[in-house]
Amino acid sequence: MEATNNQTVSIFPLGNPGPTEWFSGEVHVQTLVAPEQMEGLYTVGQVTFSPCGRTNWHTHPIGQVLLVTEGKGWYQERGKPAQVLTQGTTVAIPKDVEHWHGASADSNMVHIAISNITDGSSVTWMTPVTDEEYAEVNKNN
Ligand code: MN
């Protein structure tokens, strides 16, 4: 049990800093089920986003399920309004849909991510969510 940034207590360990080429801001990733435990077909992890922490834009070859366990954040598909994420939100992300997820500017956000793997990969990473794109989502927050 480790405290996250706003002093709540997570169910799972915080994990390690996420690679800076895939994330903006402070993000931690804890693998809960590794691909090799599941015949290389899927993986489960917890991602903890500090305020303003977020993924790059990306797609998933089969899709991804997010289960939000703490805080407040955003899920946005390219060209659509962002959807608010709070504790208990479930998101079923369709295959090949470009999107990002992360914390809001004023709160952390923690989610469990369940990701299928195809041809050895669960994600195709794209460009960062710019500060301008992120500010637009948070401006009416
Ligand atoms: Mn995703």
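A pocket, on a 1 Å grid over the protein atoms alone, is an open set of points where a 1.4 Å probe fits, with protein on both sides within 12 Å along at least five of seven lines; lining residues have an atom within 4 Å of a point. Grid points are joined across faces, edges and corners, and a volume is the space filled by probe spheres set on the points.

This is a predicted model, where local features need pLDDT of at least 70, side-chain atom pairs count only at pLDDT 80 or more, and totals for chains, interfaces and linings use all residues. Residues are numbered from 1 along each chain as its sequence is written, and side-chain values use heavy atoms, with hydrogens and water left out.

**Stop 1: the pocket**

Select V29, T43, V47, S115 and S122. Of the 23 residues lining the largest pocket, these lie nearest its centre. Its volume is about 460 Å³. Now colour the strands β3 (27-33), β4 (42-49) and β11 (109-116), the elements that each give two or more residues to this lining. The top contributor is β4, with four residues. Strands here are DSSP runs (E, at least two residues), numbered from the N terminus.

**Stop 2: the metal**

Show the manganese ion. Its protein donors are H58 (NE2), H60 (NE2), Q64 (OE1), H99 (NE2) and H101 (NE2), at 2.1 to 2.2 Å. Donors are N, O and S atoms within 2.8 Å of the metal (3.2 Å for Na, K and Ca); water is not among the atoms, so sites may look incomplete. Along the chain the spacing reads H-x1-H-x3-Q-x34-H-x1-H. H60 sits in the loop between β6 (58-59) and β7 (63-77), and H101 in strand β10 (residues 99-103), so this pair ties together parts 41 residues apart in sequence.

Are H60 and H101 buried or exposed? H60 is buried at 2% relative accessibility. H101 is buried too, at 3%. The classes are buried (under 20% relative accessible area), exposed (over 50%) and partly exposed (in between), using a 1.4 Å probe and protein chains only.

**Stop 3**

Select C52, in the loop between β4 and β5 (54-55). It is not a glycine, yet its phi is positive, about 75 degrees. C52 is partly exposed, at 31%.

Go on to D119, in the loop between β11 and β12 (124-125). This non-glycine residue also has a positive phi, about 50 degrees. D119 is exposed, at 81%.

**Stop 4**

Finish at G79, in the loop between β7 and β8 (83-86). G79 is exposed, at 79%.
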